[in-house]
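Please look through the chain below, with its strands, helices and cores in mind. The paragraphs that follow take these in turn.

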Amino acid sequence: MVRYVIEEVNDSMVLGESVYLPSGELLLATGNRIKERYRRRLVEMGYHSLLIDVEGTETVRPAPTVSETAQREMGNALESSSRGLSAEIQNFRNQSTEKIRELIKKNRQHLNKFIMTAGVARALEQFIEEIMSQSAVVLNLSVLRQTQPSLFIHALNVAITGLCIGKKYKLSYEEMKQLGIGALNYDLGLIALPKELLGKPAETFNETEMKLYRQHTVFGYHMLSQNHMIPTTSAAVALQHHEYQNGSGFPRGIIGDNRPPLKDFSRKNMIHRFSEIVAVADTYDACLFGRPEMELSAMNVQTALRYIIRAGGDKLNSDIVRTLVSIVPIYPVGARIRIVNAPTPQLIGNYGVVARDNPDNLETPQIIIYETKNHQKIKPVLIDMHRHSGFTLELVV
Ligand SMILES: [Fe+2]
């Protein structure tokens, strides 16, 4: 299977994976040809790419870091809890900051019903088990780039990213749980902001709007810290996920020291390590999907990593940034590629697909070449870039 950008899909292509409506209903099943009217509908729904069956690439299957079943369960659980929470909060969403804080406290019993529900907790355990049982951590979120993500999909991606980083630092199961709860709920406070504010570019915020936007960290913290099911370290993530290493973040302007996020009691009054991990995961997610209020538009994996590396040191914990970079395949399995440079000149310009990761060096995967530069299909050839040097690839997705 090869992932094609939706603009390149035509009705001679056969779908390699079923696509679903946001309601979970099947829209188009595997094996169908993609008629133009379906393609247009998928574009309208926000689909960015599709997996296509291509002869000779049957063994290529993009493997998401967490199984699609677990992701779907988490998605459903988060959606219903965020719907419930949103309904509870809508009555006081447009009040003053002080009033909102007071109402969060007063309504805590109602709000608590929708935070870390049994369904979310179960799905989180499944996430942790799947991530902890993998021998090599490879972060693959590309499968989720298909549709326009909503708030809770961001939480799901950030949780997967954060937990993968946590595994690389060998966190215990209990620590992974605290980190996971923080990563699923870090932006909960956004729900208490006026709807018009979300999706608006930060540069257009006036002073009052900026102040209010920054309060989402505090609102989130209040919602979580009054809930006995939420560990203090997880609630801290909501409060601190916009703090920067150099102290220029918000709401408190506390600092970090760019050290590995391991248990260290000398770091009192500094950004908590779980918040530092979630800050990296959140910024990476914001780069991949775009985030108007952070003035970021959607980037591909390479550009997103470059952005994250630049933010390391001053803004993001640079040790955690290095760890993220080490687990993100620059060439994700299933991605369509073009050969820019090759030891055999006639291969230059040909098209292929990333067939398999090499966990020891994610920059040198195995590829299958199946198309000439003039889009003529050829007999598929497998090349292991780890064994043959001199190849440069470009992603065409
Ligand atoms: Fe946030």
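The model shown here is predicted.

Strands of a sheet pair through backbone hydrogen bonds, either parallel or antiparallel. Here five strands make an open sheet in the order β9-β8-β7-β6-β10, and the pairing is antiparallel. Which strands stand at the edges? They are β9 and β10 (392-395); each has a single partner strand, so one side of each has no neighbour in the sheet. From one strand to the next, the twist averages 35°. Further along the order, β6 (residues 336-341) and β7 (residues 351-356) run antiparallel and are joined by three bridges. Arginine 338 stands opposite tyrosine 351 of β7.

There is also an open sheet of three strands, in the order β1-β5-β2, again with antiparallel pairing. Its edges are β1 (2-5) and β2 (14-15), and because each has a single partner strand, one side of each is left without a neighbour in the sheet. Four bridges link β1 to β5 (residues 49-53) in the antiparallel sense. In this pairing valine 5 stands opposite serine 49 of β5.

Next come the nonpolar cores. The largest has 71 residues, and the members that touch the most others are Phe127, Ala159, Leu163, Ala183, Val278 and Val280. Helix α11 (residues 273-289) supplies the largest share of this core, with 11 residues. Another core, of 29 residues, lies apart from it; Val9, Leu42, Tyr331 and Ile339 are among its members. What does phenylalanine 127 touch, not counting residues up to four places away in sequence? Its contacts are Val66, Ala70, Met74, Ala159, Ile160, Leu163 and Gly180.

The helices can be read in pairs. Two packed helices are described by the angle between their axes and the distance between the axes. For α10 and α11 the angle is about 50° and the axes are 8 Å apart. That angle makes α10 oblique to α11, and their crossing is right-handed. Thr233, Ala236, Val237 and Gln240 of α10 make the contact with Phe274, Ser275 and Val278 of α11.

A second pair is α12 (residues 301-311) and α13 (residues 318-327), which pack at about 165° with their axes 9 Å apart. An angle over 145 degrees counts as roughly antiparallel, and α12 is therefore roughly antiparallel to α13. The crossing in this case is left-handed. On the α12 side Leu305, Ile308 and Ile309 take part, and they meet Val321, Leu324 and Val325 of α13.

The buried residues are His216, Thr217, Val218, Phe219, Gly220, Tyr221, His222, Met223 and Leu224. They pack against α3 (97-106), α4 (108-112), α7 (173-185), α8 (207-214) and α10 (232-240).

The axes of α3 and α9 come within 9 Å and cross at roughly 15°. That makes the two helices roughly parallel, and the crossing is right-handed. Ile100, Arg101, Ile104 and Lys105 of α3 meet Phe219, His222 and Met223 of α9.

The last stop is a loop residue. Valine 137 is found in the loop between α5 (118-132) and α6 (151-168). Why does valine 137 count as partly exposed? It has 18 C-beta neighbours inside 10 Å, whereas a buried residue needs 20 or more. Apart from neighbours within four places in sequence, valine 137 is in contact with Cys164, Lys167, Lys168 and Ile327. Isoleucine 100 lies 37 residues from valine 137 along the chain, and the C-alpha atoms of the two are separated by 41 Å.

Notes. Residues are numbered from 1 along each chain as its sequence is written. This is a predicted model: local features need pLDDT of at least 70, side-chain atom pairs count only at pLDDT 80 or more; totals for chains, interfaces and linings use all residues. A nonpolar core is a set of buried Ala, Val, Leu, Ile, Met, Phe, Trp, Tyr and Cys residues joined through C-beta atoms within 7 Å. A residue is buried if 20 or more other C-beta atoms lie within 10 Å of its own, exposed if 12 or fewer, and partly exposed in between; C-beta atoms are placed from the backbone. Two residues are in contact if their C-beta atoms, placed from the backbone, lie within 7 Å. Axes are lines fitted to C-alpha atoms, for helices over the stretch in contact, and angles run from 0 to 180 degrees between N-to-C directions. Angles under 35 degrees count as roughly parallel, over 145 as roughly antiparallel, 65 to 115 as roughly perpendicular and the rest as oblique. A crossing is left-handed if the near helix is turned anticlockwise from the far one by less than a right angle, and right-handed if clockwise. Two strands pair if DSSP finds at least two bridges between them.
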